[in-house]
Amino acid sequence: MKMNTKASTLFFTFVFLAIFHLSMVSCRKIINNRDGNGFTLDLIHRDSPLSPYYNPSITHSKRLRNAFIRSFSRESFFNKSNDTIQSDIIPIPGEYLMKISIGTPAFEIVAIADTGSDLTWTQCKPCTSCFKQTAPIFDSKKSSTYKTIGCNAEECASLGTSSCVRGNICEYQMSYGDQSQTIGDLAFEKFTFPSTSGNNVSIPNVVFGCGHDNSGTFNNYTSGIIGLGGGEVSIVNQLNKQIKGKFSYCLIPIPLQSSNSNATSHINFGNSATVSGSNVVSTPLIKKEPSTFYYLNLEGITVGNKRVEFKSSKIDSSNAFGGDEGNIIIDSGTTLTFLPNDFYLNLESILLESINATRIDDPSGTFGICYESKNGTINAPKIVAHFTDADLVLAPSSTFAEVEEGLVCLTLVPAEQIAIFGNLAQANFLIGYDLVANKVSFKPTDCTKY
């Protein structure tokens, strides 16, 4: 993928300005697991008819193109985050929203769910500077369970980006790659996951950020971020006693998300997140810095009957290619899959030999391999991603997508510093994370029926 300097500058400028109000989804409901030891949330993709951002006049290919633009921006922020081991300086969030309630009495918020973030935060009164949001802003003074965290507390020290204000209150500070920021008080609060059955799941003393100074390109349909990353203050780790380090999700392919109003993706916690069955494969979850991200080890990719072994010229402990293991991040908030340049070029050469179709250029210069198509598909060879101990057959719709009418392009793209296994490739797999056993499991699943 090559773009001239002027075009590249304009492209990324657009991305930086647009990323937050383009990358949204809505969450509809939460359902308790019947045994009471887990719960499940329905996630609605931002391009679904159930999303407040859904625009029926936009074509499916345009929705995909917008999702791909968000992927390139997110990848650039992952690169920036690798410059520090402080996991709280994180990339711009991704593709999903969650509804939860905080405080006593319960106060509902809608926030971006992000596996690339740790700290959960929401806008709070009083606002020194707050971005506009359509829903009411949380007022901590009206909650009987709200309690600020002291400067000497372990939770404050774990952030790495905090200071002491107003005597003994831990103030967090987070800056994003597009100059957006949130600053506020670190606090304990009761979090409630509401259920349509009426059996709510309430967890006391969850650490979160009560943001009083929030600015930048945040969108008014959300109030903050729900951190689902691997760091100490993430929701996943804070709820460890209740969910035992387990969560899973099943993502519906984007074409179905944008056309079928009854289809929703799901995220599960606790016993609900167990992935089992004869078709399950598991791969080690590699621990490395930043601890926010979930690292896997990709050994190679097979195209047809030819295998390409993973390699990168950028072997450096400071990026995701570094070290013997953990060479790729699995991320639900990135649509495309990013591969190191030299590995991608070897893969591209085999694909070009294997596909018998009319190759044409992508007018935007974004994608390197594109073909003419009358029905939005091409006759592509089987592609298998080989993770350690786990081979995943990627669906044709996951590897080639119609980015505009009559143009189908490869959704695996080259990257300079970071490798990311994106959500398009993860579609129609039930994917379970076990942070105690340190493994990620995959089960082929029709997520529209899950």
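How exposed is E299, with its relative accessible area taken as the guide? E299 is partly exposed, with a relative accessible area of 33%, where buried means under 20%, exposed means over 50%, and partly exposed lies in between (1.4 Å probe, protein chains only).

## The model and its chain

This is a predicted model, in which local features need pLDDT of at least 70 and side-chain atom pairs count only at pLDDT 80 or more, while totals for chains, interfaces and linings use all residues. Residues are numbered from 1 along each chain as its sequence is written, and side-chain values use heavy atoms, with hydrogens and water left out.

The chain has 450 residues, of which 58% count as buried, and its secondary structure comes to 9 helices and 29 strands; here helices (H or I, at least four residues) and strands (E, at least two) are DSSP runs, numbered from the N terminus. Among the contacts with a separation of 6 or more, 70% are made by residues 24 or more positions apart, a contact being heavy atoms within 4.5 Å.

Strands of a sheet pair through backbone hydrogen bonds, either parallel or antiparallel. In this sheet, β21 and β25 (residues 407–410) pair in the antiparallel sense over 3 bridges, where two strands count as paired if DSSP finds at least two bridges between them. Within this pairing, C370 stands opposite C409 in β25.

## Salt bridges

The structure holds 5 salt bridges, each being a side-chain nitrogen of Lys or Arg within 4 Å of a carboxyl oxygen of Asp or Glu. In one of them, R166 pairs with D185, and their closest N and O atoms are 2.5 Å apart. Because R166 lies in the loop between β8 (162–165) and β9 (169–175) while D185 belongs to strand β10 (residues 181–193), the pair ties together parts that are 19 residues apart in sequence. R166 counts as exposed at 56% relative accessibility, whereas D185 is buried at 5%.

Another salt bridge joins K449 and D446 (3.9 Å, N to O); K449 is exposed at 71%, and D446 is partly exposed at 36%. Salt bridges that share partners also join E299, R307 and E309 into one network.
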